[in-house]
Structure formats: structure tokens, C-alpha cells
Amino acid sequence: YWYHAHQGLQTSDGLVGPLIIHSRDERNLQQIQYASDRVIMLSDHYHDLSGALARKYLAPDMENAEPVPDGALMNGRAIRNCDNLPHRRCDNTTSNVGLPTFDLEPKRHHRLRIINVGAFAEFQFQIDEHELAVTEVDGTDVRPISYHRLNINPAQRYSVIVHTKSREKTNFRVRARMITHCFAEKNPYMVATVEGVLRHSSIPNHELATELPETIDWDEAIGLECKDLNTTELAPVPVIAAPAKPDSLVYLRSNFEIGAYRLSRGKFNTSSWHADVQNPTLFRAIDGLQASNTSFDEAQSDRSVFVNDRAFYQPTELVVQSSGIKTIDILISNFDDGNHPYHLHGYKFWVLAQGHGYPPRKSLDGPMDLDNLSPLYDSLDLSNPLRRDTASIEAFGWALIRFVADSAGAWAFHCHTWHTEAGLLMQFLTRTDLLVDSEISEAHRGLCMADRLDLERGMGPKDEIYYDEA
Ligand SMILES: [Cu+2]
């Protein structure tokens, strides 16, 4: 796992770090035993702070042209030649700081935990002349499958096992390339690949490598499309079958639309999220449930999992409410030309199916319900699908995911990129039967009663600031 800021895109400014939780059962769940355990964080890197970039990104006529990174970092490190950045305050006197360097004992297996902590770019990661056996996906241990290159989208995590076989060489190039085809514009200052060095070395060496070794790249074509690694072959350990049927299917059309003032905003169905910093949905829900406020009554819907548009203002707060333990399917169709790594807070979901175009269904103009989608549902293999918390929907693609809503809270479901700031977020308000007995601490209430301007510091810009520009 990893921790990061969730106010605006402060993640992009470096407020991130790994959070590694060791299972007591790790030695059994991981099917290749390893001698060492390392973290490699990959990140796109912007030479401007997220606040300035977000203001420009969300301005009129930008049509969702996301900020294009200036470079990439491996564990926060990369070397740039300042001669190529004449417009920046930058000099080459610190260019001897060393490359990202990983010393691994020879003739052993080693676990590398790859985390994409960036704001937008998908990476393709590789170590020359070393296969990567994937053994963990977003905290789920899986049976090892080897890849030459690993595609990883923002917020996703993969563990890979590498074997430091004895060879004539000891130093190998580690490459992490951003897939630049998904960038909206050309950035003439961008360096799309960050490179490091893997050293087979049995003695700890505190000197970082300063030169990139000439080692052999894989000869397959490099990836150009932004989409998830094909994970259908990855089988979790232990086996957990998905529930046979959902209690409810939530269909989300994910899209960017240009609205008033020529502002392009991300939408789930007809909703584009705007947080009310002083009145979080969770507080309103707990207070409302405790006061038996009828706007939280399930009786307002004939379904046990429903969009609560009485307690929440649907155009800016799409909240799906449920009580008791419910199995919820989310079918997302992506109607734009960008890739979206969707992340669900608080739960892991089963990735049941992903595809391009529309999901298979009986009637092309029929509703997106279980009956019309029976060709899709009949084709699912529920025996042991991959469980993860961040799955991408490729451009003009779709995905079907399933989770068991058994934990009380207001859980965000959002695209883990700049698009969150454009409104591509909704929430699942789950286990209202337990939430009614929850308590909000005075400290939490006090935090939300702070001055609105203070609370909004670091958040993305509001639409209102653009009205004069439009
Ligand atoms: Cu997105």
C-alpha cells in the first residue's frame, strides 16, 4: 500500500510514501521465497506545483487537457541536464548525486514492490535481462507469472520477484517509461524515461551508481496504449470465489462534458463531484441517520442499494447508499479518449471483466440491467478473479467490478489522476445500519468547523473563479 495526501493533487507535490503491511502468513502466501524486500516508487514529475497546474487545467476551453509531466522519478530521484531547462532556475552542480541504485545480493530472489505514486502517467517498468515474476497486486498475493515489462497505472501496486542469476555482468539498467501517447500535448522539456541501476552486489555499497550500464533491452515493441496490464491470468492466493450474484448493479457512465463557462468537467452519469469541506457527507449521514431524518430512509427507493438524491445534491454529490451487507456490482463505461485508473476506498473488488467498446448485451438499446447484460454475466468466471483496489478503464472501454459492502462509511470511488479534481468522483455510503451508531469525535467536528478559507487551502480551484475569464 501507500499513503498520500487527498487534498487537491498534493500527492503530485511529493506528499506520498509506501505503507507496507506484512501478513503473518506472508511466507506461505508468497510462493517464491526471497532474500530481500525493496520498494520502488515511480512517479511522473512536474516542475510546477499542483496548485498552479490545477488552476490552468480546469480553466475554460482547456477541454480536459491534463498537465503534461516534465519528467519521471524513481524513488524520488532522477538526473536532468539543466542546459536543457534554460527557463528554469537550475544548475548542474548537483548532477553528481547519483542514479536510482538497487544493490541486490547475487544468486538470490528479491522482492521489489513497485508503486505508481504519480498524478497521471502510466509507466512501463523493466529491468534489462531480468524477468519480473508478479506475485502481488494491490495487496493481493497471486501465483507468480513472469513478464518482461510491467505496465502500472497511478495508484496501482505490483510486487515482482527478480532473480539475480550469476552472469558476466553485474550492473543492469532499470527503466521506467511513461506511456506518452496518452498525454494531451507535447511538452518539449519532457524526459519520458527515468533510469536506474540494478547491481548484483553482496557487499552494501553506499556510493550510488553514476553511469548507466549498456545492457540489453527486451526486443518486444514498447507499449503505446494506456491500459492495465492484462491481469486475467493472475490468480490470487488464497482462492476466494466472488459471490454468485450481486444484490445490485450500479451503472456509471464516465465522461467529460463541457458545460457553462466552457468548463470541461468529469462526470459520473450526470454528477460532477464538489466536496463541501465543512459538511462532509459522512457527518451529514451519521447526523441524519441518528436524527431519523427521512431523507435517509430506504423506503424512498424500491431497491436496497440506491442513489440517495434526497439527502445529497446529486449534480455535485453522487452517493449510492446501502444498509446491511450487500454485494454491489459497478459497471463503468468510459466515453472519452483517456484511460482512467479507478480506485475504491475501503474495499477491494473483484475485477470480473474489462473490455473495449460496449459490454456484451442482448439488446443494443436496452437498459444496462442484469437481464439485458445476461450475455456478459453468463460469461463470467467467478471462481477466483483478481481482487484489487485500482483498475483502469481504457479509452472507450468498460469494466465490471464487484465488491461486498460490509464496512460502515462513506467511501470514495474515483479516478486517481487529475480527473478527480475535475469531478470524477462519487461515493458509496455503506452499512448505514452500523453508521447510525457511529460517533463523530469532537476533534473531527472541530476540524470541519475551521474557517472555510483555511479548509479550502490546497484544494482544487472552484468553478466560480473562472466566470470572469470565460
Ligand atoms: Cu481519469
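Okay, ground rules before we start. What we have is a predicted model, so local features need pLDDT of at least 70 and side-chain atom pairs count only at pLDDT 80 or more, while totals for chains, interfaces and linings use all residues. Residues are numbered from 1 along each chain as its sequence is written, and side-chain values use heavy atoms, with hydrogens and water left out.

Let's begin with charges. Side chains of opposite charge can pair when their charged atoms come close. For us, a salt bridge is a side-chain nitrogen of Lys or Arg within 4 Å of a carboxyl oxygen of Asp or Glu. How many salt bridges does the structure hold? The total is 31.

Here's one to look at: Arg-175 and Asp-128 join their side chains in a salt bridge, at 2.6 Å from N to O. This pair ties together distant parts of the chain, 47 residues apart, with Arg-175 in strand β12 (residues 171–178) and Asp-128 in the loop between β7 (123–127) and β8 (132–137). Strand and helix names, by the way, are DSSP runs numbered from the N terminus: strands are E with at least two residues, helices are H or I with at least four.

Are these two buried or exposed? Arg-175 is buried at a relative accessible area of 11%, and Asp-128 is buried too, at 0%. The cut-offs are under 20% relative accessible area for buried, over 50% for exposed, and partly exposed in between, using a 1.4 Å probe and protein chains only.

Next pair. Asp-217 makes a salt bridge to Arg-149, and their closest N and O atoms are 3.2 Å apart. Again distant parts of the chain are linked, 68 residues apart: Asp-217 is in the loop between β13 (193–200) and β14 (248–258), and Arg-149 is in the loop between β9 (140–147) and β10 (150–152). Here Asp-217 is partly exposed, with a relative accessible area of 28%, whereas Arg-149 counts as buried at 9%.

Then there's Lys-362 with Asp-371, a salt bridge with closest N and O atoms 2.9 Å apart. Both Lys-362 and Asp-371 are exposed. And one network to find on your screens: salt bridges link Glu-26, Asp-37, Arg-111, Arg-113 and Glu-136.

On to the sheet. It's an open one of six strands with mixed pairing, in the order β15-β14-β18-β23-β20-β21. β15 (264–268) and β21 (387–388) are at the edges with a single partner strand each, so one side of each has no neighbour in the sheet. Pairing here takes at least two DSSP bridges between two strands.

Let's zoom in on β23 (residues 397–405), which is mostly covered, with eight of its nine residues buried. On one pairing, β23 runs antiparallel to β18 (residues 326–334) over eight bridges, and Phe-403 in β23 has Ile-328 opposite. β23 also pairs with β20 (residues 349–356), antiparallel over six bridges, with Gly-355 opposite Trp-398 in β23. So where's the parallel part? β14 and β18 run parallel, joined by seven bridges, and Tyr-251 stands opposite Leu-331 in β18.

Points are joined across faces, edges and corners, and a volume is the space filled by probe spheres set on them.

The largest pocket holds about 1,400 Å³. It has 49 lining residues, and the closest to its centre are His-6, Gln-7, Trp-273, Ala-275 and Met-459. β24 gives the largest share of that lining, five residues. Domain 1 (2–200) and domain 2 (248–466) each supply at least three; those bounds come from an automatic or database domain assignment. By class, the pocket lining is 21 nonpolar, 18 polar and 10 charged. Nonpolar means Ala, Val, Leu, Ile, Met, Phe, Trp, Tyr, Cys and Pro, charged means Asp, Glu, Lys and Arg, and the others, Gly among them, are polar.

And the cavity? The whole structure has one of 30 Å³ or more. Its lining is Ile-40, Phe-102, Leu-104, Leu-112, Phe-125, Ile-127, Val-174 and Leu-198, which is eight nonpolar residues, no polar and no charged.

Definitions and conventions:
On a 1 Å grid over the protein atoms alone, a cavity is a set of points where a 1.4 Å probe fits but cannot get out, and a pocket is an open set with protein on both sides within 12 Å along at least five of seven lines; lining residues have an atom within 4 Å of a point.
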